[in-house]
Amino acid sequence: MTDIVRIETNQRMSRVVKAGGLVFIGGQTSADQTPDVKVQTAKVLEKIDGFLEKAGIDKTRLVSAQVWLADIARDFGGMNEVWDAWVPQGCAPTRATVQAQLAAPELLVEIAVVALG
Amino acid sequence: MTDIVRIETNQRMSRVVKAGGLVFIGGQTSADQTPDVKVQTAKVLEKIDGFLEKAGIDKTRLVSAQVWLADIARDFGGMNEVWDAWVPQGCAPTRATVQAQLAAPELLVEIAVVALG
Amino acid sequence: MTDIVRIETNQRMSRVVKAGGLVFIGGQTSADQTPDVKVQTAKVLEKIDGFLEKAGIDKTRLVSAQVWLADIARDFGGMNEVWDAWVPQGCAPTRATVQAQLAAPELLVEIAVVALG
């Protein structure tokens, strides 16, 4: 099992798992539940930056991302504004963005990523 | 193509695909459509255990999971209770859980996982 | 960074990313917004064929797919009809299909895949 590295693991989930050369970061949401998708997106991306750092890499290594928005008609533009500013030039991952109700009604955005270790 | 192993493949999908050192198990639902998320989650996780075994591994090798719930406000707690008891201590994958209507209205939960071979 | 290959990259996303031996294609939708899931599914799969070709492979290398439908009760059958005809015999990926509202109300289907390079 030394080939799987789990970071911030509890009984339910790990925040980060390194396996097979890839770094998986699960769906992250904002602890700051201000009802503004730009605020929440910025907080989520901060968390992802922190987890990438714990995995020994950074956002230039992003491979793939999934974004869930609680209200895609209202919040797609605001999320993208923060996202586009965060992605390093020339390093954008693949992405899929769909609407989904999240684990608490206050949550407006959740993002999961895969990166290369 | 000997580097891709497909298990229980039909014209629409494979239940399991091994590739690049990883084991992918597609979205699994419960054949028992009792309207109780704990029953359905237990059945889904049984199926996943079986597919992991067919791939030659077990749930200690989980890397990443996605959970879809038909009613996240009602069923998040029940699903988690069964999930938490199923995950081997110290082996939790990353996870993302969102609400989504599934392929039939009786289905309350669907889970897909990635593991390391 | 020569170990990550990004194809059709802009500031928001790449259409394709090759990393760790895998080929990731993000969520693709149809430019033809005819309100018919079969038309849109065919267009999405054409796009995916094109991106697989740009990655130097084809649909026999599919590992995993996610399908999102805007109306799963209405469109599951139509999407599957086009999908089943498209998948090469014996090469079906794992798959998960759920309902989700997509980035524009005209979009009926979105598909993301992972393949082996």
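Analyst: Two residues are in contact if their C-beta atoms, placed from the backbone, lie within 7 Å. Axes are lines fitted to C-alpha atoms, for helices over the stretch in contact, and angles run from 0 to 180 degrees between N-to-C directions. You are looking at a predicted model, in which local features need pLDDT of at least 70, side-chain atom pairs count only at pLDDT 80 or more, and totals for chains, interfaces and linings use all residues. Residues are numbered from 1 along each chain as its sequence is written, while chains are lettered from A and ligands numbered from 1 in the order in which they are written.

In chain A, α2 covers residues 72-86 and lies across β4, β5 and β6, running at about 145 degrees to β4(A). Those strands belong to an open sheet of 6 strands with mixed pairing, in the order β1-β2-β3-β6-β4-β5; two strands pair if DSSP finds at least two bridges between them. At the edges, each pairing on one side only, are β1 (4-9) and β5 (94-99) of chain A. From one strand to the next, the twist averages 10 degrees. Strand β4(A), residues 62-69, runs parallel to β5(A) and is joined to it by 6 bridges. In this pair, A:Ser64 stands opposite A:Thr94. The sheet of chain A has another helix packed on it: α1 (37-54) touches β1, β2, β3 and β6, and its direction makes about 30 degrees with that of β6(A).

Now look at α2 in chain C. The helix has 15 residues and reaches 19 Å from its first C-alpha to its last, close to the 21 Å expected (1.5 Å times one less than its number of residues). Its buried residues are C:Ile72, C:Met79, C:Asn80 and C:Trp83; a residue is buried if 20 or more other C-beta atoms lie within 10 Å of its own, exposed if 12 or fewer, and partly exposed in between. An α-helix has 3.6 residues a turn, so residues three or four places apart point the same way. The buried residues of α2(C) pack against α1, β4, β5 and β6 of chain C.

Next, the neighbouring chains. Between chains B and A, 25 residues of chain B are in contact with 26 residues of chain A. On the chain B side, β4, α2 and β5 each supply at least two residues, and β5(B) has the largest share, 6 residues. Chain A in turn meets chain C, with 25 residues of chain A in contact with 25 residues of chain C. On that side of chain A, β4, α2 and β5 each supply at least two residues.

Definitions and conventions: Helices (H or I, at least four residues) and strands (E, at least two) are DSSP runs, numbered from the N terminus.
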